[in-house]
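Student: Can you walk me through a few spots in this one? Keep it quick.

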Amino acid sequence: MRIAMVHSSFAVRGGAETYVRDLSGALIERGHQVQVFSRPSPHAEPADQPVRTRLADRLADRAGPLRKGFVHLGDVADATGLRPRDLAGFAPDAVHVHNWQGLGIRPIARIAQRYPTVHTVHDFAIADPGNALGNIGRSPALDRLLALRAARVARALRNVTLLYGSERTRDVMLRNVPATRDLDQRVVLLSLPVPAGRRALPPGDRATFLYLGALAEHKGVGDLLRSWTTSPLREHGTLLLGGDGPLRADAEAAAAAFPSVHYLGYLGESGKQAAFRRAGWLLFPSTWPETYGLVCAEALVAGRPIVASKIAEPVMASPGSRLLFDGPGELRHRLEQAASLPDAEYAALTASALGDGERLAWDKHVDAVLAAYLAAASPRPEAVVR
């Protein structure tokens with residue numbers, strides 16, 4: 001098959017971006033042809049096909065404090081930038097859309113009229129332009145505006161097959177955007193390829209905790225740093241921070257002030273392997289309902305139990321593989337409890353994590369994605385995008 005991967009930007013190297021690269025590589029290894037289409041960005045690759053800058057973004061660059069408004073308006077109203085004819089030279093048999101924010105939903109709707117199209121739902125952007133459902137419930141007027149926006153986005157996706165990484169993600173979307181109930185959709189449990197060197201590692205130090213991901217407030221990094229630096233763990237534990245983002249300076253400042261905090265920067269494969277070997281736990285303190293959390297899957301494959309916020313409970317982890325906390329007030333207590341667990345309890349958590357990790361089969365996931373491409377290519381009624 002000829003498969004077009006459409007992703008808004010590789011400005012960061014987060015879970016969705018890593019997934020696009022991993023899936024593309026797996027499909028190429030199976031003999032398929034893959035072309036990535038994306039806006040120019042710092043971590044783009046030479047073979048990526050660049051997408052033109054849309055009108056909304058050009059206006060946003062000159063809009064000052066109104067910039068974000070132009071960007072969000074562009075997501076639902078701007079049809080410029082990505083065009084169906086941009087894909088015509090590649091002539092894909094299937095189009096796989098990942099993050100469409102920054103490309104706009106109308107271009108995706110037009111592409112779906114011409115090519116069989118699936119969309120992996122990496123976040124909740126269909127319901128909330130902030131991705132994290134944080135705007136919903138703030139005021140009745142805002143809720144009405146968000147509902148109108150969500151209904152418009154859902155209509156634009158009527159020719160697209162939605163792929164949800166978990167049943168929970170699908171259920172959250174159905175509650176917040178009832179119109180998605182009428183869309184073609186399926187649950188394709190997410191997975192990722194993990195090198196042999198990071199599989200089933202020997203137990204780590206239970207007083208050593210690893211955070212791996214974007215250094216951002218909504219990921220709970222601020223709460224984590226505040227909890228750690230006010231806990232006795234700052235004297236006898238170890239906090240490893242891997243990643244980059246807006247709170248990088250905070251992470252570096254904490255590392256400078258407390259010998260127990262180690263900022264590792266953005267980690268490649270060798271760095272990840274070394275970090276997972278040292279750590280006894282993965283930290284997942286996100287403050288919003290994550291759709292999946294690929295880093296949690298990596299931890300389970302390695303045999304590392306997870307300390308996670310309840311709102312972001314990792315869907316692939318069974319109850320015996322994680323400890324949950326409810327809000328930043330409980331985070332410090334849960335960290336201290338985890339570091340002092342009896343040997344037998346920690347061994348049971350590790351064994352459960354390994355069992356969960358064994359069920360995350362990457363090859364089966366790629367098979368399911370290919371099946372979704374074929375299903376999307378089956379005949380559908382014609383639709384008109386207005």
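Tutor: Contact here means heavy atoms within 4.5 Å. Helices (H or I, at least four residues) and strands (E, at least two) are DSSP runs, numbered from the N terminus. The model is predicted: local features need pLDDT of at least 70, side-chain atom pairs count only at pLDDT 80 or more, and totals for chains, interfaces and linings use all residues. Residues are numbered from 1 along each chain as its sequence is written, and side-chain values use heavy atoms, with hydrogens and water left out.

Student: What do the buried residues of H13 pack against?

Tutor: Strands E8 (205-212), E11 (279-284), E12 (306-309) and E13 (322-325), plus helices H8 (221-229) and H9 (233-236).

Student: Which residues in H13 are buried?

Tutor: Leu331, Arg334, Leu335, Ala338 and Ala339. Buried is under 20% relative accessible area, exposed over 50%, partly exposed in between (1.4 Å probe, protein chains only). Seen down the axis of H13, the buried residues fall within an arc of 125° (directions from the helix axis to the C-beta atoms), so they line one face. Gly329 and His333, on the other side, are exposed.

Student: New topic. Where does Ile306 lie?

Tutor: In strand E12. Ile306 is buried, at 0% relative accessible area. Its C-alpha is 5.6 Å from that of Trp281, 25 residues apart along the chain.

Student: Which residues is Ile306 in contact with, leaving aside neighbours within four places in sequence?

Tutor: Among them are Trp281, Leu282, Phe284, Cys296 and Leu323.
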